[in-house]
Amino acid sequence: MNFNAPLLRPFRILLFPFSLVYGAAIWLRNLLYDKKILRSTGFNLPIVCIGNLSVGGTGKSPMVEWIVKYLHTNMEVAILSRGYKRRTKGYALAGSTTTALDIGDEPMQFHQKFPDVSVAVGEERIVAIPQLLHDRPNTKVVILDDAFQHRAIKAGLNIVLTNYDNLFTRDWVLPTGDLRDERRSYKRADVIVVTKCPAVLSAEEKLAFKQEIKPLPHQQLFFTTIRYGLPYHIISKKEISLNTATEVLLVSGIANPLPLKKYLQDATKTYYEILYGDHHIFRIDDWNEIVKRFKNIHTENKIILTTEKDAVRLIKFGQTLQDYPIYVIPIEIQFLFNEGHQFTDIISKFITDFSITN
């Protein structure tokens with residue numbers, strides 16, 4: 001097993017009896033769906049589901065963005081998320097006055113990046129989809145964000161992500177491990193993507209991963225890596241370049257900051273960190289602590305750096321941010337082995353075939 005928090009490993013192993021109970025519960029739930037006792041509902045339009053078997057940190061948001069970039073110039077695309085840690089309930093459609101508190105940080109990030117794309121949230125996606133289609137009747141395809149384990153909706157194309165450093169094949173169910181679904185659930189996927197790989201992944205390692213995951217005949221296996229862009233100021237949007245003379249205060253509340261920390265080790269002189277829990281809602285005391293830590297870095301060449309997901313939760317501090325060099329580092333995925341076109345072909349074929357048969 002591989003744990004995201006090594007210091008917690010002994011404690012999590014002690015929780016193994018709870019994992020047995022949780023594992024039995026998800027096994028029973030999946031069995032009820034497999035036997036058609038519980039039924040999935042389909043809709044008369046293409047639905048692409050992006051998900052994983054584990055909790056957080058596999059790169060779902062960059063994958064959603066990658067697919068939306070590919071699709072939205074040619075058709076009306078909608079994104080539907082749960083809206084984790086928002087302060088509202090039920091269905092909500094993003095608009096001009098929407099904030100991260102209304103819809104959650106990741107949907108807000110999508111809304112800011114793609115203002116011409118419909119972004120909605122709803123805990124009960126089976127209820128939210130009809131409402132979304134009522135509000136946006138010209139929608140041609142819906143991207144379901146983080147919904148693979150929620151089988152109430154029958155998606156036409158299921159894309160499952162698994163982290164290079166924490167493959168589902170080596171993991172265990174919560175709370176001992178990080179899996180929130182059974183390992184065998186990967187069989188329901190149409191596409192499996194190993195994310196956050198080294199950019200120089202070898203053909204031999206690719207083959208070894210394929211032999212370990214054992215994709216079924218109908219499944220396609222892909223590998224992606226992370227690519228960071230130029231940091232831009234959170235208010236002015238002015239870009240800068242990091243260099244080996246820059247000292248960075250990293251402010252992050254994401255599930256897996258390790259890839260970013262590795263990047264900063266190579267790209268900067270040094271970095272300090274203030275890490276919060278995933279989807280952390282920043283308060284004024286947090287901002288005051290960030291400013292205090294930043295002022296205690298005794299060099300002129302220093303910046304505060306945060307992620308795009310954190311930025312939508314920090315922006316509420318408004319013009320106060322203008323007085324500090326607080327920058328946002330963008331992230332995108334890159335398909336390895338020049339297989340990005342094969343991935344887009346799968347999506348295009350799914351949407352085309354759906355339109356023909358319906």
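Lys and Arg count as positive and Asp and Glu as negative, while His and the chain ends are not counted; each charge is placed at NZ of Lys, CZ of Arg, CG of Asp or CD of Glu. On that basis the protein has 44 positive and 37 negative side chains, and the centres of the two sets lie 4 Å apart. The model is predicted: local features need pLDDT of at least 70, side-chain atom pairs count only at pLDDT 80 or more, and totals for chains, interfaces and linings use all residues. Residues are numbered from 1 along each chain as its sequence is written, and side-chain values use heavy atoms, leaving out hydrogens and water.

**Overall form**
- The C-alpha atoms fill a box of roughly 65 × 45 × 40 Å along the principal axes.
- Of the 358 residues in the protein, 51% are buried (under 20% relative accessible area, with a 1.4 Å probe and protein chains only).

- Asp 181 lies in the loop between β6 (157–163) and β7 (191–195); strands are DSSP runs of E, at least two residues long, numbered from the N terminus.
- Asp 181 counts as buried because its relative accessibility is 2%.
- The Asp 181 side chain forms polar contacts with the side chains of Ser 185, at 2.9 Å, and Arg 188, at 3.4 Å. A polar contact is a pair of N or O atoms within 3.5 Å; within protein, one must be able to donate a hydrogen and the other to accept it, and residues adjacent in sequence count only if both atoms are side-chain atoms.

Notes:
Helix = DSSP H or I, 4+ residues; strand = E, 2+ residues; numbered from the N terminus. Buried < 20%, exposed > 50% of the residue type's maximum accessible area, 1.4 Å probe, protein only.
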